[in-house]
Amino acid sequence: MMIFVDKRKNAKKLLLDAKDEGETNKFALGTMRVQKDEVFLTCEKKPPAGLAKRVKKYLKLIKLPGAPSRVIIVDGNGQTLEDDGDQDSATKAEKEASVAAKVDPAQAKWEASIAKVKPQAVARIKAGGPVADKLKDALKMGKVRAEAGDYTAAMKTLPAIAKLLNTPDAQAETEQQAPPVKQKSDQGPAQQFQARRTEVMKLLSAALKQFSPHVGAAQTALKEAMEAAKAKDFTAGLAALDQVATILAQPVPMEPPADDTVSKKEDLPDEPSELEGRLISTARALQKSLLPSKEIERLSKALTRARKLLKNGDEENCKKLLDLIASAFSSTPPTPKPSGREIAAQVRDVWDDAYRVVGNNLDGLRKALGAFDDPNCQELADKGLISFTGGLQVKLNKSFLELQSASPEKIDKACAQAEDTFRAFQSMLDSNEAVKLIDDNDFGVPIGLKSTLGDALNEMRGIVSDPTASVS
């Protein structure tokens, strides 16, 4: 399906363009009006059945921003001919629920998660400060990956965003000490350990929410405390819990220490690899593409396969598949096959130019031949070139008409038949004795039937044998 829309062109002119480009004989023309999320198509003639439903499906397929939820076909009097909404008796709430159910769960999770932190992140960026640029980069990275459809990768940016939001712009000059825990004098060792453990777990939970880099060391010390308590060594267990509190009380450094040899994750996720970047750019190109809907659907499926290949570590085959997809977006797209009307116009122009030259030359000879009583001379004087072509002139004109009216699926056949006619005309020019006598006439009148018309026919054969290369 193809839709041609233009604010200035006449609908009939657009119809001609559509017929030249399309692959079907079913067309509709008229005007289009958009009102909120509804599209009204006013057709001058009765449109093909099911047009409303197909238009709606096509607009969604090409991922048009703000694609309409309803397409209505009306006639020139405003009478509704089709309304894709008539086929759906569900309420508006049911429709919205149906749409929501089709949303990718990963996409829904990402959109809900980023909506919670984005307002705070934007405010922090506007306020400036040491983490503003990092926050901006993290938001951008998440957006880019989400636009490419890789919501799993986009979700990986959220911990970095949350950590940056919880990082103060200026660190305290002195370490915060763990708050002392009041212990009741009547508590036994086990009760004291349990109370201290409860307090420490609150500190650990807060550190986890802040993405503190000290969580790993604190969890190791907590494990030692639990092993000591299991062995009934509550003194060692309490000491280990105190160590956990001391570790978590350390300030969060703005940057990792230069001599830190422990492997840690960076504050921000890695930049997209070359193949990830190509996946992103290809997805954007598909969204903006004006290729036929079937081609877009085919390339979209190929892009999904490429994304899975990269996710599974098969970079080589991912690159090959992306190269194949890229060929559809070549900077020099293949020249579209011309219509029969365009081919007919060009071959007709070549023939008319040559025939006009020969005709002017023949006029002088016909006047001279008219003075002779010979019947052949009289016939040539009266009828001109058509007198000795044996019906080939009629076949030539028929070829022009067949080319002009040929539908896209019949152009190849019309071109082949026209080439046969042009070749037969050339053979006649090469073998016909009358042509030789006229070209070598005793009156000294230059004609050039064989050379002028023969060269024209040769050029015409080249046009119909390869229309794409010949018609601009």
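Colleague: Contact means heavy atoms within 4.5 Å. Which helices do the buried residues of H5 pack against?

Modeller: They pack against helix H4 (105-127), helix H6 (151-155), helix H7 (157-165) and helix H11 (274-288). Buried means under 20% relative accessible area, exposed over 50%, and partly exposed in between (1.4 Å probe, protein chains only). Helices (H or I, at least four residues) and strands (E, at least two) are DSSP runs, numbered from the N terminus.

Colleague: What kind of model is this?

Modeller: It is a predicted model: local features need pLDDT of at least 70, side-chain atom pairs count only at pLDDT 80 or more, and totals for chains, interfaces and linings use all residues. Residues are numbered from 1 along each chain as its sequence is written, and side-chain values use heavy atoms, with hydrogens and water left out.

Colleague: Back to H5. Which of its residues are buried?

Modeller: Ala-132, Leu-135, Ala-138, Leu-139, Met-141, Gly-142, Val-144, Arg-145 and Ala-146.

Colleague: And how far apart are the end C-alpha atoms of H5?

Modeller: They are 23 Å apart. The 16 residues of H5 (residues 132-147) should span 22 Å at 1.5 Å a residue, so the two agree. The expected span is 1.5 Å times one less than the number of residues.

Colleague: What happens just after H5?

Modeller: Gly-149 takes a positive phi of about 85° there.

Colleague: Zoom out. How many helices and strands does the chain have?

Modeller: There are 20 helices and four strands. The chain has 472 residues, and 33% of them count as buried. Among contacts between residues at least 6 apart in sequence, 64% join residues at least 24 apart.

Colleague: New topic. How many aromatic pairs are there?

Modeller: Four. One of them is Trp-351 with Tyr-355, tilted, 5.8 Å centre to centre with 35° between the planes. Rings of Phe, Tyr and Trp (its six-membered ring) pair if their centres lie within 6.5 Å; planes under 30 degrees apart count as stacked, over 60 as edge-to-face and the rest as tilted.

Colleague: Where do Trp-351 and Tyr-355 lie?

Modeller: Both are in helix H14 (residues 340-369), four residues apart, about one turn of the helix. An α-helix has 3.6 residues a turn, so residues three or four places apart point the same way.

Colleague: Why does the pair of Trp-351 and Phe-425 count as edge-to-face?

Modeller: Because the planes of the two rings are at 65°, with the centres 5.3 Å apart. This pair links distant parts of the chain: Phe-425 is in helix H17 (residues 411-431), 74 residues from Trp-351 in H14. Phe-425 is buried, at 0% relative accessibility. Trp-351, Tyr-355 and Phe-425 form one aromatic cluster.

Colleague: Which other residues of H17 are buried?

Modeller: Among them are Ile-411, Ala-414, Cys-415, Ala-418 and Phe-422. Glu-419 and Gln-426 are buried in H17 too.

Colleague: Last one. What is Lys-56 in contact with, leaving aside its neighbours within four places in sequence?

Modeller: Pro-68, Ser-69, Val-71 and Asp-84. Lys-56 lies in helix H2 (residues 51-61). At 19% relative accessible area, Lys-56 is buried.
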